[in-house]
Amino acid sequence: MMRGDSVGRRTLRLGGVLVLGTVVFLSGCAGGESGGGTDDGLEVVNIGFIGPLSGGAAYYGRNVQRGIMMAADEIAEGGGFEVDGRMVRFEIVSLDDRYLPYETATAARRLLQQNQTPVILVPHAGGIRVVQEMNTREPKFLLAAYSSEPSILEAGNPLTLMLPPRFDGYQQPWVEIMMERFGKRLALLPTTTAYGKAWTEAVSVEWSRQGGTLGRDHGVDYNTTTDFTGAVSRALADEPDVLFIGGPSQPTALVIRAAREQGFEGGFIIMDQAKFMEMLTIVPMEALEGAIGVYPQETYPTPGAPLFAERYYERFGDDFQSPTSEVAINYQGIRLIAQAMHLAGTTTDPEAIRAHAGEAARTLPDEYRIFEMDGVTETGHLVRAVFSAHVVDGEFVALRIPAPTSAPSH
Amino acid sequence: MTLFLQQFVNGIALGSVYSLVALGLTLVYGVLKVPNFAHGALYMAGAYVTYVMLTSFGASYMVAMAVSIAVLAVLGGSMEWLVFRRLEGKSPVHAMIAALGMLFFMEGTADVIWGPTFRQVPSPFNDVVTLLGVSITEQRILVIVAAVAVMVGLYLLLKRTLVGMSIEAMAQDREGALLVGIDTRRVALLTFAISGVLAAAAGSLIAPLLLVFPNMGELIILKAFVIVILGGMGSVPGAILGGYLLALAETMAGTYVSFAFSELIAFALLVLVLVVRPTGLFEKGV
């Protein structure tokens, strides 16, 4: 080309390094302020939240954050909650980790030093595992874990409280229903994150166990793939009756759309990360016919769910996006922690708070109770009734998922 | 065989997307030697303008695209005028940091205005055409055809108009162009405006196929850089061919090896080209 050529390429390479550096730098300094004053006469307790608040997963992270903030705001507006004779409210301190586990660790250290947070909530398995290495050393803190990965319970971490249902409860009933309705051939097109791989393994094992045939794994990273048509064409060449898919809701909807465009008429088993109400903003209900996934939060078949949805729309406006389980489960988590602090009579001792979490799950007042909770297991899992939805003739049919009682098998 | 044909069509559609984005990038690089990372943000802005025109103003798809192209021409031009012009004669690192800054600034702005939500651009071309067992949506056909039209248009502009010839002259030799009386500042401004037009066309055409969100440009700009290096930096035919080549390599590698490795294979291809032919496939500028 021209004289500047080699200089140009060097410049470009330097550019790559710069991009990387900037990303790392930016993620380090985004967001967060420390607990404020006490104008309202309430004692302030800082609760940490570390999740993706910028980058491709920001949508997910902010849904989680919205649930947490909503609970904290409601508590403050209601005059706080009582702990050992004092009235307390929460201040949420949010830090951005861009979904990167090593950033989660840095952020956790910062929260502990600067904000003395007795509780930190992390919404992804990678970050949770890293924080599990830290929370039993001084200063100890309670880790509220929002991830359906059963392996986070395997760590035997005494200060973990896992909020959502474990995903290993879904495969057995879902596989049974889908095999019966559509047939025995399954093609795999899941996202390739660690969580996606664990899910794929679980569904593959169950599909084979029930006598079905498995295609090859055609998984792609849902967060970085621009166009799913190629991968969908390849998966459909296996002539499946059912497609196993899932990742963030909106890319998952694109996979469904591509499959329907290419003439696929079978069913979908959809990982619990993807939510029907969000997929419906991209594809029509017809495209979802024969899909099985987690039950839409807004109409979850528990008495508390519609009440929660009402308060949610009151706060954010009628046109606001539907409340997903990210919002609801984390809202519930913060309410639960407040109740556990109340019962334990302390806001600073994470062991005492964790010890009272089970009782808190049983005694939480009905108005704040979205799910039917029975307690907390030895390993730190919140026990509750779980429902999934199967789309039949354009309607969500509820199906109760039995709680997985055995130790996680993978 | 049907699978091969289907994947070939899928690859060509994806290649059109890649080429459209890479064209604007290579054009700016050819003329100003600026690796314009912010091109990804222009592409994102183009998609958002189309989205807003369609959903808030009820414009037709073609009108929305036209508005998007006009807005982005101005935005691209002002980027040169407000930022890059002031860095003229400084080390290229300055321009690069400025480009990165613009990328983050525009992503942040989109986030503030529209939030991190994924949005869907409605398209009137949703029907599926099936031929010889190969299915393709009308929107994809539109992308393939429009990409060719844009490429031909750009070629004619560069070869047949005075403006285009000044751009080429400047890409070949900046001082020489200045000596023969070309207003290099004006040409630089125009080049950025044209890159804005290309970004808007790409964003508007592709948006109905994918999702619109603040970071959408980051993913594709990385691929566009691979293509620009693959095709020869600053080379227009290189960007076009590189785009199709990368997309076909990804799709075919995915089909016959594994989609989990398709990106790996794409980047391996890049390394291979750089080893065998370090100047890229087409080394002549523009």
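Trainee: Which residues of H3(A) and H4(A) meet?
Mentor: On the H3(A) side they are A:Pro101, A:Thr104, A:Ala105 and A:Ala108. They meet A:Gly126, A:Gly127, A:Val130 and A:Val131 in H4(A). By class, this contact has 5 nonpolar, 3 polar and no charged residues. Keep in mind that this is a predicted model.

Trainee: How is the packing of two helices described?
Mentor: Two packed helices are described by the angle between their axes and by the distance between those axes. Here, the axes of H3(A) and H4(A) cross at roughly 45 degrees and come within 8 Å. That angle makes H3(A) oblique to H4(A). The crossing of the two is right-handed.

Trainee: Let me try chain B. At what angle do H2(B) and H8(B) pack?
Mentor: The angle is about 55 degrees. H2 covers residues 39-55 of chain B, H8 covers residues 184-206 of chain B, and their axes are 7 Å apart. H2(B) is therefore oblique to H8(B). H2(B) passes H8(B) in a right-handed crossing.

Trainee: Which residues make the contact between H2(B) and H8(B)?
Mentor: H2(B) brings B:His39, B:Leu42, B:Tyr43, B:Met44, B:Gly46, B:Ala47 and B:Thr50. H8(B) answers with B:Ser195, B:Gly196, B:Ala199, B:Ala200, B:Ala202, B:Gly203 and B:Ser204. Sorted by class, that contact holds 7 nonpolar, 7 polar and no charged residues.

Trainee: Now a pair across the two chains. How far apart are the axes of H8(A) and H10(B)?
Mentor: Their axes are 9 Å apart, and the packing angle is about 25 degrees. Angles under 35 degrees count as roughly parallel. So H8(A) and H10(B) are roughly parallel to each other. H8(A) passes H10(B) in a right-handed crossing.

Trainee: What does H8(A) meet in H10(B)?
Mentor: A:Gly230, A:Ala231 and A:Arg234 in H8(A) meet B:Thr251, B:Gly254 and B:Thr255 in H10(B). The class count for this contact is 1 nonpolar, 4 polar and 1 charged.

Trainee: Back to chain A. How is chain A divided into domains?
Mentor: Domain 1 takes 28-167 + 312-384, and domain 2 takes 168-298 + 386-401. The contact takes 18 residues from domain 1 of chain A and 17 residues from domain 2 of chain A. Two helices each supply at least two residues of the side of domain 1 that touches domain 2 in chain A: H4 (125-132) and H12 (325-344). The residues of that side of domain 1 of chain A divide into 8 nonpolar, 7 polar and 3 charged. As for spacing, 30 Å separate the centres of domain 1 and domain 2 of chain A, taken over C-alpha atoms.

Trainee: What should I look for in the backbone of the loops?
Mentor: Two places are worth a look. Start with the peptide bond from A:Glu138 to A:Pro139, which is cis, with omega near -10 degrees. A:Pro139 is found in the loop between H4 and strand S5 (142-145) of chain A. Next comes A:Arg98, which is not a glycine, yet has a positive phi of about 50 degrees. A:Arg98 lies in the loop between strand S3 (86-96) and helix H3 (101-115) of chain A.

Trainee: Where in chain A is the pLDDT below 50?
Mentor: First, the general idea. Where pLDDT is low, the predicted coordinates should not be read in detail. Chain A averages a pLDDT of 87, and 89% of its residues score at least 70. Over residues 1-9 of chain A the pLDDT is below 50, and beyond near neighbours in sequence this stretch has 14 contacts in the model. Residues 23-37 of chain A also stay under 50, and the model has 27 contacts beyond four places in sequence for them.

Note on methods. Residues numbered from 1 in each chain as written. Chains lettered and ligands numbered in written order. Predicted model: local features only at pLDDT ≥ 70, side-chain atom pairs only at ≥ 80, totals over all residues. pLDDT = per-residue confidence, 0-100. Contact = placed C-beta atoms within 7 Å. Domains from an automatic or database assignment. Helix = DSSP H or I, 4+ residues; strand = E, 2+ residues; numbered from the N terminus. Nonpolar A, V, L, I, M, F, W, Y, C, P; charged D, E, K, R; others polar. Axes fitted to C-alpha atoms, helices over the stretch in contact; angles between N-to-C directions. Parallel < 35°, antiparallel > 145°, perpendicular 65-115°, else oblique. Left-handed = near helix turned anticlockwise from the far one by under 90°.
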